Structures are given as C-alpha cells and as structure tokens.
Amino acid sequence: MINPKILVTGATGKTGGAVVTQLLTKGYPVRATVRAQDARSNLLQRRGAEVVVADIFDPGQLMEALRGVQRAYYCPPYHPFVIQSGSAFAVAARETGLEQIVGLSQWLAGPNHPSLLSRQLWLIDRMFAALPGIAHTAVTPGFFADSPYMEMLPFAAHLGVFPLPVDGESRNAPPSVDDIARVAVAALLDPARHAGKSYRPTGPKLLSVTEMTAVIGHVVGRKVRHLRSPLWMFYKAAKAQALEPILLSGLRHYFQDHDRGAFAVGAPNDTIRELTGKHAEDFETIARRHAALPESRQSFGARLAALARFLAVPMLPGFDPAAYDRRQKQPMPPTPHLALDDADWSASHGSQGSLPVDSTLKEALA
C-alpha cells in the first residue's frame, strides 16, 4: 500500500519542520512549501522532502502545490492578512480534491478576542471545518514551552533572571514543539478518526511561572529568579528579534490572558498520550534540550554577550501596539473580550471535542 502524499506549509518553521521530520521518519512522502530556497529548505530536501516555493497567499500557486497531494498540514503565517492565506488555501483545497486539512490554530482563538490574529484564526478554523468532503482537525495549543518560555533561557543561564511580563503565579502546561507536531501527525495519519475534532496538546503538569523558573534554575545549575519585565521593555527586545508586528500586537492581550488563567483552563490533559501513545515531554526535559544549545552554554564570552544584550534593551526602538492597530485600521468587535470574559469561549473550551460549524457557511461553500 502506497502512503498518501502530505503537504506541509510553513515547513521551515517550528511545528512545520517537526511535522516534516516525523512524517518522513514514518515513511510518508512529503511536499514542503517554503517562501524561498535557502539553507533550511535545502536541509529539508536532503532529509527526503519534495520542496516547492509557493506564496501561501496566492490561490494559483497553492493549487499547483496541492496537485497530487491527498492531505495537508496548514500552518498559518504571522501576518495581518492571514485570513487571505486561509481563504486561498480553502479554495485550493476544494479545487484540487484534498481529502484532509490539519490546521494549527490557537487556544485563545475566538470571534470576540481583542487580538486580530486570534479572531482570524477562529474564522479560518470555521472555514476549514465547513469545507464539504474535506476532513478537518484543529490543533490548538496555548503558549509553547519553546516560545516564549525557552526563549528566555539564555538570560537565566548567564544572568540568573527569567524575564517575562506575566505574573509569577499564573499557570500553564506548555507543550513542546515536537509534541504539538506529534498530535498533528497522528491526525494526518488517520483522517476519519480525527475529522471534526479540536485538540489542545499540553505538557504533563500545570506549572506557575515561578515553578518554571525553579525548574530552569535546576537545569542551568544556578539560582534564577522570575523578573516581571515591563511590557514596553519586552516589546523592545521582541522587536529587535524581528518578531512580526501582528504577533507583537496580540502579545499584550495574550499576557493578560496568561495572568487571568486562560492557559490553565483544560490543562493538563492526556491528549498527547491518547493520540500518539507517548507521554508528553515534561518542562524539565524541554529545558535541558534548550540549555544544551550554544547560546545557553556556560562561558565567560556567552555571559558577557547576554549581559550586553540585556543592558542594551532599554535603548532599543520600541513598539506601540495600539498605534500599530490604528495604522492598520484593524476591524474590532463591538465588545472585545479576553478569553475568560467571553461566555462562548468559556463554554466551548471547558473540554475538548468537536469543532462547531456554522451551517450557513457550510451551505455557502457547498
């Protein structure tokens, strides 16, 4: 029996790259879409993936990329017009007879969230779910362990601080990128079983930020304290790392959701073990992997570089999310709500299950 070919968008990104690797390991042919040929795409080719350059916003290029493909992992880009990408992908999927879409979404996604990105991801989920004849599964993680928590690990390793603009007692059960990809791959390998489902992968334990800090201190072998950095300072550092403005715009709301306990809802759960047969990686295991990376290894030069980066942050250009939103003329719900303030979100996120489908939308797409 010949395994079906699977398309992976965002193949050089975190979850996309992990999905490609896992599918190839299991013997499935993979077509990986990339924005440009570079060292990362060349690495995918050497691993055995078929690499195609395609504009994820262009229906014609997506149709070409999807021809001869049976299933797809859709990883949305961080872009203010991500809804254009989702719409183009839906059209291309219908035109080429795709049998399944597994889409990466977001735990906080909802129609009334103040983040434009979250509202558009909610719309994309519903649009994919309404496509007739195409199985759809949504993967909806909260904050990953790898981002934002592990991105702060070099500061912990070298300076003894864990700077995040969230309350130390707010909690999450963050999954690893590899575990998120395992859930997506499990759905891709069995479309009928997972059609219409929404899965939130989590780590095995609900941890406060203070507890995460202690774990990281244990891993790096030094005392580490959580530093609740001001949001303006976090924005300066994030902008210097070239994070997309639409993501920066939403982060202020996501940090509020973190403090309010939205990531603690429905966590931890056993999704990863139930779908993959393997237990979720714990926070310490993930931290040890990141502590072994060159930027976190102990040395005088690395400590000096981390200190220079930390001290330079206040002098960097800032980012004003409210001004960005105004310049973009972003649409806004009449009464925007953070996740826990939205009755519909709370009702639908208390437990995992089927993804609701708007019947009018389904008729329009039929």
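Two residues are in contact when heavy atoms of each lie within 4.5 Å. The model described here is predicted, so local features need pLDDT of at least 70 and side-chain atom pairs count only at pLDDT 80 or more, while totals for chains, interfaces and linings use all residues. Residues are numbered from 1 along each chain as its sequence is written, and side-chain values use heavy atoms, with hydrogens and water left out.

R31 counts as buried because its relative accessibility is 9%, buried meaning under 20% relative accessible area (1.4 Å probe, protein chains only). Setting aside neighbours within four places in sequence, R31 is in contact with K5, I6, L7, V8, E50, V52, E64, A65, L66, R67 and V69.

Attention now turns to a pair of helices, which are DSSP runs of H or I with at least four residues. Helix 1 (residues 14–25) packs with helix 7 (residues 177–189) at an angle of about 55°, their axes being 8 Å apart; axes are lines fitted to C-alpha atoms over the stretch in contact, and angles run from 0 to 180 degrees between N-to-C directions. The two helices are therefore oblique to each other, the word for angles that are not under 35 degrees (roughly parallel), over 145 (roughly antiparallel) or 65 to 115 (roughly perpendicular).

Note on methods. Buried means under 20% relative accessible area, exposed over 50%, partly exposed in between (1.4 Å probe, protein chains only).
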